[in-house]
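The following exercises are to be worked through with the sequence and the model at hand. Each task is followed by its solution in steps.

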Amino acid sequence: MTPAATLARIRLNPHSRNVQRDLRDATQMHKTLMRLLPDGLGTSPRHAGGLLFRLDQSDHATTVLVQATHPIDPSRLPTDYGTTELKDLTPMFTALRPGLGVRYRITVNPSKTERLPLEQKGRRGKIIALTGADADHWWQQRAATAGLHLNTLAPTTVDPARPRGKDASPMRHHLTRYDGTATVTDPDALTHALLAGIGRAKPYGAGLLTLAPATTG
């Protein structure tokens, strides 16, 4: 059965106070985007709704991509938030096959858990951000597990996600964007990765993998 998911492309209005607030505060951005989903999704609504998002910035515009497995309702956003286009992702899932060439983009939080000495067995080490070649290796491994063989990868460091507010975690989530080309090796694993996201910090704009047909010539 082909999974159902929708991708919303929201071109943000830079003059909106709501947008300005959300760009400063990753927690508020998450709360605003969760309004796109129906109510009543339980105690873990982001997971239940399959919501993933990514902030894409250029010299001309700032865009948020939002993916969900439940219906997305742009009318639930603040009225001045931006303009939204919706896309049904069913054709993309249907097209996945071994050997298919694709272009990809993903923003991730490359990280690992600190290994503690044996005398601290049972305790969890702190999360360590990975950068440079270590981050590239992390993405190559995660892509392979997700059913992609990377042909090229181009990393871009993006601003860390900063939760704010009195109850927010003090942790900054370091983010790296990867663009490149790849070949599909396992459509089932790739479908799971597309729907579930990859890596940590999904509530802060990490983990959403998007694909497009590879260009030829």
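**Exercise 1: Ala 201**

Ala 201 is buried, with a relative accessible area of 11% (buried means under 20%, exposed over 50% and partly exposed in between, with a 1.4 Å probe and protein chains only). The model is a predicted one, in which local features need pLDDT of at least 70, side-chain atom pairs count only at pLDDT 80 or more, and totals for chains, interfaces and linings use all residues. Residues are numbered from 1 along each chain as its sequence is written, and side-chain values use heavy atoms, with hydrogens and water left out.

Task: State where Ala 201 is placed.

Solution. Step 1: Ala 201 belongs to the loop between H6 and S11; helices (H or I, at least four residues) and strands (E, at least two) are DSSP runs numbered from the N terminus. Step 2: although Ala 201 is not a glycine, its phi is positive, at about 65 degrees.

**Exercise 2: The nonpolar cores**

Task: Identify the residues that touch the most other members of the largest nonpolar core.

Solution. Step 1: a nonpolar core is a set of buried Ala, Val, Leu, Ile, Met, Phe, Trp, Tyr and Cys residues joined through side-chain atoms within 4.5 Å. Step 2: among the 31 residues of the largest one, Trp 139, Leu 209 and Leu 211 touch the most other members. Step 3: elements that each supply at least two residues of this core include helix H5 (132-145), strand S8 (148-150) and helix H6 (187-196). Step 4: leaving aside residues up to four places away in sequence, Leu 211 touches Met 92, Leu 96, Val 102, Arg 103, Tyr 104, Leu 190 and Leu 194 (contact means heavy atoms within 4.5 Å).

**Exercise 3: The largest pocket**

Task: Describe the lining of the largest pocket by residue class.

Solution. Step 1: the volume of the largest pocket is about 620 Å³. On a 1 Å grid over the protein atoms alone, a pocket is an open set of points where a 1.4 Å probe fits, with protein on both sides within 12 Å along at least five of seven lines; lining residues have an atom within 4 Å of a point. A volume is the space filled by probe spheres set on the points, which are joined across faces, edges and corners. Step 2: 29 residues line this pocket, and Lys 87, Thr 210, Leu 211, Ala 212 and Pro 213 are the closest to its centre. Step 3: the lining has 16 nonpolar, three polar and 10 charged residues (Ala, Val, Leu, Ile, Met, Phe, Trp, Tyr, Cys and Pro count as nonpolar, Asp, Glu, Lys and Arg as charged, and the others, Gly among them, as polar).
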